[in-house]
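Subject: Structure handover and findings

Hello,

Here is the structure we talked about handing over. Please open it first, then read the notes below.

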Amino acid sequence: MADLYNIIMHRRSIRRYSEKQIEEDVLEKILEAGMYAPSAGGRQGVLFAVCQNKEMNERLGRIKRAHSRPRMADATHYVSKEQPSIADDATLTNAFYDAPTVITFFAPKNFLFSKEDCALAAENMMLVADANGVGSCYIGQGWTAFDDPYGQDVLKQWNIPGGYYAVMQLLLGYPRDGDAHPTAKPRKGDRIIRWK
Ligand SMILES: Cc1cc2nc3c(=O)[nH]c(=O)nc-3n(C[C@H](O)[C@H](O)[C@H](O)COP(=O)(O)O)c2cc1C
């Protein structure tokens, strides 16, 4: 329990990655953690497309960046000072931050709990990643990475079944040597409502 608590507290979004690819046995464990996540009705409907092709990840990340309109950081609002997101730094052109492994989560379009199923799998995976020294970052609105002819062709190459859509991506890779591990922002108070 103490270990799990420490991992939850330690995990942070990593947006600066070393070029080193993650080891196969670690990737297997991370994927297994996703496969064993809860799913609504026990349907296990999420598909995990693991892409370790550098050029493909870069092209999809650039398409995603071109289709994202984040609320840009200002003096009072930012996502991360230590590991800037595309909302913090307008010069970042790849929404996948050059992560060596990008997993796109596909789930049925017409299922009420597709997003929740993906998010729960992703959290399991991020925690197992952290426990193995692997950095991760959750990327929302996964469909925007495929929103041009190249992206549509990738979907065909991956044989994604009709009726499924890209809910999100999970980035995985080792943090860059010399980078300090990001610290968590202070937690906002008054969010817990208790009644006895
Ligand atoms: C639903 C969701 C969508 C997110 N989308 C993005 C994203 O598109 N790009 C990104 O850099 N981070 C994204 N994040 C990561 C959050 O920015 C990050 O979790 C938050 O700033 C807190 O930082 P931490 O993960 O280090 O605790 C997303 C997180 C969630 C839960």
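A salt bridge here is a side-chain nitrogen of Lys or Arg within 4 Å of a carboxyl oxygen of Asp or Glu. By that rule, the structure holds 4 salt bridges. Please keep in mind that this is a predicted model.

**Salt bridges**

Side chains of opposite charge can pair when their charged atoms come close.

Lysine 20 and glutamate 23 join through their side chains, at 3.4 Å from N to O. Lysine 20 has 46% relative accessibility, so it counts as partly exposed. Glutamate 23 is also partly exposed, because its value is 33%.

Helix H3 covers residues 54–66. Glutamate 55 and arginine 59 form a salt bridge, with 4.0 Å from N to O. They sit 4 residues apart in helix H3, which means about one helical turn separates them. Glutamate 55 is exposed, because its relative accessibility is 53%. The cut-off for that class is over 50%. Arginine 59 has a relative accessible area of 40%, so it is partly exposed.

Arginine 62 and glutamate 58 make a salt bridge as well, at 3.2 Å from N to O. Both belong to helix H3, and again the spacing is 4 residues, about one turn of the helix. Arginine 62 is partly exposed at 40%. Glutamate 58 is partly exposed at 29%.

**A buried charge without a partner**

Which side chain of opposite charge is nearest to arginine 65? The nearest is aspartate 89, 8.2 Å away. Arginine 65 is buried and has no salt bridge. The salt-bridge limit is 4 Å, nitrogen to carboxyl oxygen. Arginine 65 also lies in helix H3. Leaving out residues up to four places away in sequence, arginine 65 touches Pro70, Ile86, Leu92, Thr93, Asn94 and Ala95.

**Buried glutamine**

Glutamine 83 is in the loop between helix H3 and strand S2 (101–108). Is glutamine 83 buried or exposed? It is buried, because its relative accessible area is 2%. The cut-off for buried is under 20%.

**Charged patches**

There is a patch of positive charge on the surface. Its members are Lys81, Lys185, Arg187, Lys188 and Arg191. Lysine 185 is in the segment after strand S4 (164–173). Its relative accessible area is 38%, so lysine 185 is partly exposed.

A patch of negative charge is on the surface too, made of Glu24, Asp25, Glu28 and Glu32. Aspartate 25 lies in helix H2, residues 24–35.

**Nonpolar patch**

Leu4, Tyr5, Ile8 and Met9 make up a nonpolar patch on the surface. Together they have about 390 Å² of accessible area. Leucine 4 is in helix H1, residues 2–10. Isoleucine 8 is in helix H1 too. Leucine 4 is partly exposed, because its relative accessibility is 41%. Isoleucine 8 is partly exposed at 39%. Along the chain, leucine 4 and asparagine 94 are 90 residues apart. Their C-alpha atoms are separated by 32 Å.

**Valine 50**

Valine 50 is in strand S1, residues 47–51. At 34% relative accessibility, it is partly exposed. Which residues does valine 50 touch, not counting those up to four places away in sequence? They are Leu27, Leu31, Thr101, Val102 and Ile103. For distance, compare valine 50 with aspartate 74. They are 24 residues apart along the chain, and their C-alpha atoms are separated by 34 Å.

Best regards

How values were computed. Residues numbered from 1 in each chain as written. Predicted model: local features only at pLDDT ≥ 70, side-chain atom pairs only at ≥ 80, totals over all residues. Heavy atoms only, no water. Helix = DSSP H or I, 4+ residues; strand = E, 2+ residues; numbered from the N terminus. Buried < 20%, exposed > 50% of the residue type's maximum accessible area, 1.4 Å probe, protein only. Contact = heavy atoms within 4.5 Å. Patch = residues over 30% accessible without salt bridge, like charges linked within 9 Å, V, L, I, M, F, W, Y side chains within 5 Å. Areas by Shrake-Rupley, 256 points an atom, 1.4 Å probe, with all protein chains shown as cover. Lys, Arg positive; Asp, Glu negative; His and termini not counted. Charge placed at Lys NZ, Arg CZ, Asp CG, Glu CD.
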